Structure formats: structure tokens, C-alpha cells
Amino acid sequence: MEHRRGPPARRTWHLERVKCSVCGRGGKLLYLGLEDERDKPFLPAQTEACGDCGHYLKLVPREFNARAEPLADDLASLALDVALAEQGNYQRSGYNPLLIAGE
């Protein structure tokens, strides 16, 4: 067995950190949100929208709201869903917790 001295060999690898949650592609993701007249976020939520498949996923970044509550923030950001629906370029991915039918 041969022992090598010195620093370990460097290895390079490619890891794409940001991918669409629907199609798995990266590179065409946009972060969209509603802003006020001072260009500040108007809502606690934004969307990660994919230019490849046309789907979006709602996100609540921690810097907007460290104590995010998914159901309340989804309801509070319905204006974002309406704006994207009117634009017609994106379709929501995942489920909308407000549209789950009960028994």
C-alpha cells in the first residue's frame, strides 16, 4: 500500500443548486413577487417560476417572515396567484391548501 504525503487531491464537481421543483431543470428560474411603490416586497410570499415548464411554486423567504405560517401566508398572498393567472404565463404547482375538499 502506498501512502501519499501532502494535501489531498482536489476534485471538482458540478452541483446545480437551483432547480425547478416540477421539471428539474435550472437556468430559467425567476423569482417574482408584488412590490409597493418604493420597490419593497408588498407580500410575505414570492414565487419561483420556471421558464422551461411554466409552473411556479410559492415561497416565503425567511428574511420576509421568520415565523411564516404556510396556510395564513398562502391566503395572504392570493393576490400574487391572481396576478400570475392574469398574466397567463405560469401555472401553480403543488397544492393549494385552500382548495382541499373536506368530508
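Two helices and four strands make up the secondary structure of this protein, where helices are DSSP runs of H or I with at least four residues, strands are runs of E with at least two, and both are numbered from the N terminus. Before I go on, please keep in mind that this is a predicted model, in which local features need pLDDT of at least 70 and side-chain atom pairs count only at pLDDT 80 or more, while totals for chains, interfaces and linings use all residues. Residues are numbered from 1 along each chain as its sequence is written, and side-chain values use heavy atoms, with hydrogens and water left out.

Read from the N terminus, the elements follow the order β-β-β-α-α-β. The four strands form an open sheet, ordered β1-β2-β3-β4, with mixed pairing, and two strands are said to pair if DSSP finds at least two bridges between them. Because β1 (29-32) and β4 (91-92) stand at the edges with a single partner strand each, one side of each has no neighbour in the sheet. Further in, β2 and β3 pair in the antiparallel sense over four bridges, and Ala49 has Tyr56 in β3 as its bridge partner.

That brings me to the cavity, and a word on method: on a 1 Å grid over the protein atoms alone, a cavity is a set of points where a 1.4 Å probe fits but cannot get out, and lining residues have an atom within 4 Å of a point. Grid points are joined across faces, edges and corners, and the volume is the space filled by probe spheres set on the points. The structure holds one cavity of 30 Å³ or more, and the largest cavity contains about 40 Å³ of space. Which strands each supply at least two residues of its lining? They are β2 (46-50) and β3 (55-59), and the bridge partners Ala49 and Tyr56 are both among the lining residues, as are Cys20, Leu29 and Ser93. By class, the lining divides into seven nonpolar residues, three polar and one charged, counting Ala, Val, Leu, Ile, Met, Phe, Trp, Tyr, Cys and Pro as nonpolar, Asp, Glu, Lys and Arg as charged, and the others, Gly among them, as polar.

Finally, some remarks on exposure, with buried meaning under 20% relative accessible area, exposed over 50%, and partly exposed in between, for a 1.4 Å probe and protein chains only. Of the 103 residues in the protein, 22% are buried. Pro70, in helix α1 (residues 70-76), counts as exposed because its relative accessibility is 62%.

Note on methods:
On a 1 Å grid over the protein atoms alone, a cavity is a set of points where a 1.4 Å probe fits but cannot get out, and a pocket is an open set with protein on both sides within 12 Å along at least five of seven lines; lining residues have an atom within 4 Å of a point.
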